[in-house]
Amino acid sequence: MDNPTAVLKSGAATDRRVPLWPFAAGSVLVTAIILIPQGAGLATHGRIALAVFAVAVIAWVSGRLDDNFVGLAAATVLAFTGVVKAATVFDALGGETIWLLVAAFVLAAGLGATGLPAKAAMALAAKARTPRQLVHLVTLTLIGTALAVPATSGRAALALPVFVVLAKVLAGQRKLVRALALLFPAVILLSASATLIGAGAHVITSELLAAATGQGIGYGRWLLLGLPFAVVASHLAAEVVLLTTTTREDRRIRLSIPHEKTRLTAEQWRALAVLTLVISLWCTESWHGLSPALVALLGALLITAPRLGTIGMSPALGSVPWSLLVFMATTAVLGTALATSGAARWLAGLVFGQGGSPMGLLTAVVVLSAAAHLVLQSRSARSSVLVPLVLPLAAASGLNPAAVAFASTVAAGFCHTLPSSAKPVALFAAVPGVPGYGKADLARLSAVLGPLVVLLVLAFAVWVWPLLGLPLSR
């Protein structure tokens, strides 16, 4: 079987030829921005930020230029032209949130080295006696990984061996195996909304909120708001996958998944203790005042400590996807430039109008966020583009900017339509020796799941999140 980490890093495109249309489209847009009348309310820095934003989006959509190169180039241009300070770029690359994710990846590497996640997953799956029980037990396990393992690609690589084992056990049930192949990425993507570290886009949203309103969303508060949605959305996705992939006869099959019961090893107990300590400290930040990044660093040191730890620091650091962190940091700089230069407010007013019906605006933002994966494959890029636009719109409509930004970010977690829409979807689509799924399967799933996710986000934004301390109106 191919190395899952290599699969995630390799990317689908190997053709280095760059088409001419992105340059032509970028030139037209930049020219149009330069020709905006002086009295239109867009200052010079706003024009530059808007031009850089337009070119970056076109480059990302073209898919032929390296995403990190585009992000770094955009951040560099913004710094050289004075739209953002050079310190803003460097702070983004070495800020607290980057350290949080680095330490979280180290912690996840130490946890994965013990085999504890796979052991827990198989122990739960062995309890299933029907396909419906199996998919919901697998869903429950995948939701649990979102609490400590950062980024959807990391969780996908961690879950792939579990899927392969289940596929071999259920080799005679091809439809059920195909359902599981769809289930794993579907739940990994939707359950990421449970935590701040679930996706780089969440960290970007928190940073942009802090820059615009003075207050971001910490780990504990994100968990309080995101976990209920993740649980409901993930189990809803499990039912949709089961109903759209299997027949009634398939769902009536009696299962017997073998599992050898063994006690936890000393390493697994130590890893579990470190994980419990870190998550407990993350959730009680308001009591002790320790930042999530500092807590994560403590966990990283404990999990890699001589004799106490489960993995060495150097191998753990080797598992950190540095390119993902660089891309996340540079897209955050782009979002900050849009917000601070006034370009986001100007563009939002041009596209959506000034203010408008609060519910109409919320619905438009959620639908646009859920559909944005068809254009921008990167979740971080989608948030860096959308969040700066929705913040001024929310304020103008009398809505709580934090609530609208959170709804937009959660809705952007739906990216199931194409294999290229998200790395977990691409990874599980073609596992060697296992029945996979194609574009038709994804289209059938998305046609049902997409509208349900949009409706679920709107329901949570209006009724549930206000009860949890995130009111929709200011």
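Is D441 buried or exposed? D441 counts as buried, because its relative accessibility is 16%, where buried means under 20% relative accessible area, exposed over 50%, and partly exposed in between (1.4 Å probe, protein chains only). The close-ups below start from this residue.

A note before the views: this is a predicted model, in which local features need pLDDT of at least 70 and side-chain atom pairs count only at pLDDT 80 or more, while totals for chains, interfaces and linings use all residues. Residues are numbered from 1 along each chain as its sequence is written, and side-chain values use heavy atoms, with hydrogens and water left out.

**View 1**
The side chains of D441 and R444 meet at 2.7 Å, N to O. A salt bridge here is a side-chain nitrogen of Lys or Arg within 4 Å of a carboxyl oxygen of Asp or Glu. Side chains of opposite charge can pair when their charged atoms come close. Both residues sit in helix α24 (residues 439–464), and because they are three residues apart, about one helical turn separates them. Helices are DSSP runs (H or I, at least four residues), and strands are runs of E with at least two, numbered from the N terminus. While D441 is buried, R444 is partly exposed, with a relative accessible area of 38%.

**View 1. R132 and E239 join two helices.**
The structure holds three salt bridges, and here is another of them: the side chains of R132 and E239 meet at 2.8 Å, N to O. R132 belongs to helix α8 (residues 131–145) and E239 to helix α12 (residues 219–245), so the pair ties together parts that are 107 residues apart in sequence. R132 is partly exposed, at 33% relative accessible area.

**View 2. K175 and D250 link distant parts of the chain.**
In this salt bridge, the side chains of K175 and D250 meet at 4.0 Å, N to O. Helix α10 (residues 174–191) supplies K175 and helix α13 supplies D250, and the two residues are 75 apart.

**View 3. Positive charges gather on the surface.**
K127, R129, R254 and K261 form a patch of positive charge. Patches are made of residues with over 30% relative accessible area and no salt bridge; like charges are joined within 9 Å, and nonpolar side chains (Val, Leu, Ile, Met, Phe, Trp, Tyr) within 5 Å. Lys and Arg count as positive and Asp and Glu as negative, while His and the chain ends are not counted. The place of a charge is taken as NZ of Lys, CZ of Arg, CG of Asp or CD of Glu. To find K261, look in the loop between α13 (248–251) and α14 (266–283). K261 counts as exposed, because its relative accessibility is 79%.

**View 4. A nonpolar patch includes V61.**
V61, L374, V375 and L418 make a nonpolar surface patch of about 290 Å². Accessible areas come from the Shrake-Rupley method with a 1.4 Å probe, and for residues only the protein chains shown count as cover. V61 lies in helix α3 (residues 44–62) and is partly exposed, with a relative accessible area of 31%.

**View 5. Five aromatic residues form one cluster.**
The cluster is made of W222, F229, F406, F460 and W465. Across the whole structure, a search finds ten aromatic pairs. Rings of Phe, Tyr and Trp (its six-membered ring) pair if their centres lie within 6.5 Å; planes under 30 degrees apart count as stacked, over 60 as edge-to-face and the rest as tilted.

A151 is not a glycine, yet its phi is positive, at about 70°. This residue is in the loop between α8 and α9 (152–169), and it is buried, with a relative accessible area of 7%. R307, also not a glycine, has a positive phi of about 70°. Its place is the loop between α16 (292–304) and α17 (313–318), and R307 counts as exposed at 83% relative accessibility.
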